[in-house]
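Open the model in your viewer and keep the selection panel handy.

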2 protein chains.
Amino acid sequence: MTKYLITGAGGFVGCLLLNHLGTRNEPKIEVLALDVRSPRTAFPAFPFSFRFEAINLQDKERLETAVATFKPDMLIHLAAMSSVAASWEDPTGCISNNTQIILNVLETVRLYCPRCRILAVGSAEVYNTGGRDEHSPPLVETSPLHSVNPYALGRQAQELIVKFYVEQFGLDIVSTRSFSHTGPGQGGHFAVAAFVQQLLNAKNSGEKTAVLKTGNTDLVRDFSDARDVVRAYDLLLLKGKSGEFYNVCSGRGVSLRKIIETAAGLLDLQTVITVDPARLRPNDPNYIIGSPEKLRTQTGWTATYLLEQTLRDMLAVR
Amino acid sequence: MTKYLITGAGGFVGCLLLNHLGTRNEPKIEVLALDVRSPRTAFPAFPFSFRFEAINLQDKERLETAVATFKPDMLIHLAAMSSVAASWEDPTGCISNNTQIILNVLETVRLYCPRCRILAVGSAEVYNTGGRDEHSPPLVETSPLHSVNPYALGRQAQELIVKFYVEQFGLDIVSTRSFSHTGPGQGGHFAVAAFVQQLLNAKNSGEKTAVLKTGNTDLVRDFSDARDVVRAYDLLLLKGKSGEFYNVCSGRGVSLRKIIETAAGLLDLQTVITVDPARLRPNDPNYIIGSPEKLRTQTGWTATYLLEQTLRDMLAVR
């Protein structure tokens, strides 16, 4: 019996990860799923032993009780305030939440189950992306770091904390630098899900042309399907090297405009794009493209969804 | 009228800094001194307008009220859990306290007095000191960083946070990387003060030989007199460059054994040194010597106390 503890399990990625664990056909796992509150929709019946508990990871005592009792073999830390936009509204709230919860998780593991293997999900936002353009080589794990938003800063602090717990306390932690990802079920405060929702609204209202409110659609990002991302997380937990950081990305850049056009085409819609200043973020870099080479080489991961398929699934068109 | 807010004002360095501000002969300053609790001994009468308030900087609301009301022109952030030994007892307590309080201080300044000039006191513990020996050049501000104790990790996170607030919010922050310092009034949980106390106890008991309990006395450190350190802080607040980090150090290394011998000599005592395992710290580097060149060049600071004078003053011998 392998015991998995998953933080942030009620979120978009958490739910996909639980589904993925269910498809692996290994009945001998037991999952304790944590999130700050119960998910809006009930979890489905999983083909493994499953329990959910609502715990705020800032509440160290409740976390300690849960970990000391459950004693996980594997821990996947997905929990985080993950919106860059929201991090500008409350910089200290985001920075301190995300650093405090990784500290609490690692310290609790150190005290109660120090041999537990941990996957610490992090972000490609930590990279120095200033001045990058279409000629820049993709970001690799040794590329320089530089945080230009509060969310990124919290993630960079998380990396320092993780390295410290690996080096000083011998904890077994693999980390990701996850790039953009999307898929069915993502919340509408992320760009692609917001586009999809607006396009579906127009289609359902019988419009021929969708008028979309967007941020800067010239931005080029490296998008993966979140279902591929959770497979990467599972593989990294099994095969990643402790103390190392891994890009989780497709290696391909696509502009947000191109995503809108592709999705609109699938619904047979024309589009008119209007920029909503409230959706522009400070310091949003033009190009963020990563190299998944290290992930591929060390785990055998490859992406299985092309972006068009992801959009089809989000729009529920065939 | 220049208004100074000083955090950690009740500590050893805070009290020396207040004394120093009193000697500058500038009556037109007003000081609001904060500390987590009232100091054990009352503050003397200062030749400037002075008020003390007991505030835990983790209590953001009380800090905001104090800052919004006082609206300082200058802020000297001395507050921190500053014991490396204690940081090993409670890693997350130290890391999260020291990062949370700098976040609260900077965010409060950003919201209520964004033009306030700030001195953020940090530590030379952030440097990578692994493998350094008597042939290594002194540490300069561009030397690589690597935290090997929880206290250092909190200080390294503080540096990330400071850089972020300078770059993204335009705050005016000068930072120090302070090396070891000591002087009259330092608490006995720091090495030199502990030696002095043990030597004075032996002398006062009429012993000819003092039997000292110590940690590793072969360690070489760069010691300054704390009265020189507070002058450096004052000069950096006036002349340091925003966003920059400054070593505060003497440039000279001395072994802890040599300090004990010098102090014992001043009291005419022989010494027997016994190593107390409880005073050995994990990862304590052999050599930490810094270069004060940047501080000297940019502020004109020079040390005025030689170590023997510092020890004389701590032992109260002439």
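A nonpolar core here is a set of buried Ala, Val, Leu, Ile, Met, Phe, Trp, Tyr and Cys residues joined through side-chain atoms within 4.5 Å. Keep in mind as you go that this is a predicted model.

**Stop 1: the core.** Select Leu106(A), Ile173(A), Leu106(B) and Ile173(B): these have the most contacts inside the largest nonpolar core, which has 70 residues.

**Stop 2: around Ile173(B).** Now center on Ile173(B) and show what touches it. Leaving aside residues up to four places away in sequence, you will find Leu106(B), Ile118(B), Ala120(B), Val162(B), Tyr165(B) and Val166(B), along with Lys241(B), Ser242(B), Gly243(B) and Glu244(B).

**Stop 3: where the chains meet.** Color chain A and chain B separately. Together they bury about 2100 Å², with 67% of that on carbon and sulfur atoms. On the chain B side, pick Thr92(B), Leu160(B) and Phe164(B), which lose the most area to chain A and together make up 27% of what that side buries. Each chain brings 26 residues to the contact.

**Stop 4: the helices.** The largest share, eleven residues, comes from α5(B). Color that side of chain B by residue type and you will see 13 nonpolar, nine polar and four charged residues.

Key:
Residues are numbered from 1 along each chain as its sequence is written. Chains are lettered from A and ligands numbered from 1 in the order in which they are written. This is a predicted model: local features need pLDDT of at least 70, side-chain atom pairs count only at pLDDT 80 or more; totals for chains, interfaces and linings use all residues. Side-chain values use heavy atoms; hydrogens and water are left out. Buried means under 20% relative accessible area, exposed over 50%, partly exposed in between (1.4 Å probe, protein chains only). Contact means heavy atoms within 4.5 Å. Buried area is the accessible area (1.4 Å probe) that two parts lose on being put together, summed over both. Helices (H or I, at least four residues) and strands (E, at least two) are DSSP runs, numbered from the N terminus. Ala, Val, Leu, Ile, Met, Phe, Trp, Tyr, Cys and Pro count as nonpolar, Asp, Glu, Lys and Arg as charged, and the others, Gly among them, as polar.
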